[in-house]
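Let's take a walk through this model together, one spot at a time. Have your viewer open and follow along.

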Amino acid sequence: MKQIILTGDRPTGRLHVGHYVGSLRERVELQNSGKYDEVYIMIADAQALTDNADNPEKVRQNIKEVALDYLAVGIDPKKSHIFIQSMVPELTELTFYYMNLVTVSRVQRNPTVKAEIQQRGFETSIPVGFFCYPISQAADITAFKATVVPAGEDQEPMLEQCREIVRKFNETYGETLVEPKIVLPKNAASKRLPGIDGKAKMSKSLGNCIYLSDEPDVIKQKVMSMYTDPTHIKVSDPGHVEGNPVFIYLDAFCKPEQFEKYLPEYKNLDELKDHYTRGGLGDMKVKRFLNNVLQEELEPIRARRKEWEGKLPEVFEILKEGSAYAEHTAAQTLADVRHSMKIDYFDQTDLY
Ligand code: TRP
């Protein structure tokens, strides 16, 4: 069976380091592994509109930002098809058919949707489109017969729902669609990077993100202001590394060789953590190290982003070509779906 990747992001803001360790880094690795026959990376504008219906300009502007972030981290248009969701209308048609295979109560049970309804204050007035976005997400994935979806942990319920739709479809209409599996980041810290304020999630609205496009002085200032262990007041106090954002970021980002380069008194992260836990290691020293680590990782990304910013027509050409290719693939799946569902009237002669 062909190995196919499909994944994507909502264009509601620039991408940040949480997106990077949570999925982007993994995608680039998979893209370059040579193990995949096709890679599709989607800018989910239609999904973004499900809770930004009144703000199309925001979604429109962020198409470019997300595309630049993709190219900056190393998504390579020669290896991956980068496309815009709404430019592939077949996805909408698939969504409509899949809606028949899902119950309202099943969507209501989806923990990610539940949390989002709360965050957005939608409890009493949930837009139907928003409510159905997990179904549209199943369309995104199955349209490309994707086998693998590299994504963050919060996408797990969507994948679960998608697999259920696939099984139900195949059971009802005959073997047509492919069940995908999710690929999560390898280490726990990368799965759930907290905000710089220590809050559970990095989010634009909380203003606690480090963006991939941040300038070096902004990154430094954000790192130096990071929330740490509130019980670690004096340098000599014993500190806690668990739940401490500075150490979680180090778990997600730092490479063994960076100790020799920036902090040669310590052999590795375990030694640094031990010292912090014992007491006698100041937050500033750890933050300076984290700053060096982040600067090293983000410098080439920012440079590549600037290069692409200088050739936006080319970026849009990539999106246009990617969208045309994606539509071609999705149309084939839609034809299979229509055939299985017996709504391919003009391709058959049994009715006349
Ligand atoms: N829900 C994803 C996000 O919030 C975006 C998305 C839409 C997606 N369709 C997808 C992710 C299909 C993976 C697979 O960023």
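Let's begin at Lys342, which is exposed, with a relative accessible area of 67%; exposed means over 50%, buried under 20% and partly exposed in between, using a 1.4 Å probe and protein chains only. A quick word on the ground rules: this is a predicted model, in which local features need pLDDT of at least 70 and side-chain atom pairs count only at pLDDT 80 or more, while totals for chains, interfaces and linings use all residues. Residues are numbered from 1 along each chain as its sequence is written, and side-chain values use heavy atoms, with hydrogens and water left out.

Lys342 sits in the segment after helix 16 (312-340). Helices here are DSSP runs of H or I with at least four residues, strands are runs of E with at least two, and both are numbered from the N terminus. Although Lys342 is not a glycine, its phi is positive, at about 60°. Most residues other than glycine have a negative phi. Lys145 is another residue to check: its phi is near 50°, again positive in a residue other than glycine. You will find Lys145 in the loop between helix 8 (133-143) and strand 4 (148-150), and at 23% relative accessibility it counts as partly exposed.

Gly152 counts as buried, at 17% relative accessibility. Leaving aside neighbours within four places in sequence, Gly152 is in contact (heavy atoms within 4.5 Å) with Gly22, Ser23, Ile182 and Leu184. Its C-alpha atom is separated by 9.3 Å from that of Gly18, 134 residues apart along the chain.

Now turn to helix 12 (residues 245-253). Eight of its nine residues are buried, so helix 12 is largely enclosed by the rest of the structure. Among those buried residues are Phe247, Tyr249 and Phe253. What covers them includes helix 1 (17-32), helix 10 (188-191), helix 13 (257-262), helix 14 (269-278) and helix 15 (283-309).

Finally, return to helix 16, which packs with helix 4 (residues 90-98) at an angle of about 30°, with the axes 9 Å apart. Axes are lines fitted to C-alpha atoms, for helices over the stretch in contact, and angles run from 0 to 180 degrees between N-to-C directions. That makes the two helices roughly parallel, a term for angles under 35 degrees. In their contact, Glu90, Glu93, Leu94, Tyr97 and Tyr98 of helix 4 meet Glu327, Ala330, Ala331, Leu334, Val337 and Arg338 of helix 16.

Terms used. Parallel < 35°, antiparallel > 145°, perpendicular 65-115°, else oblique.
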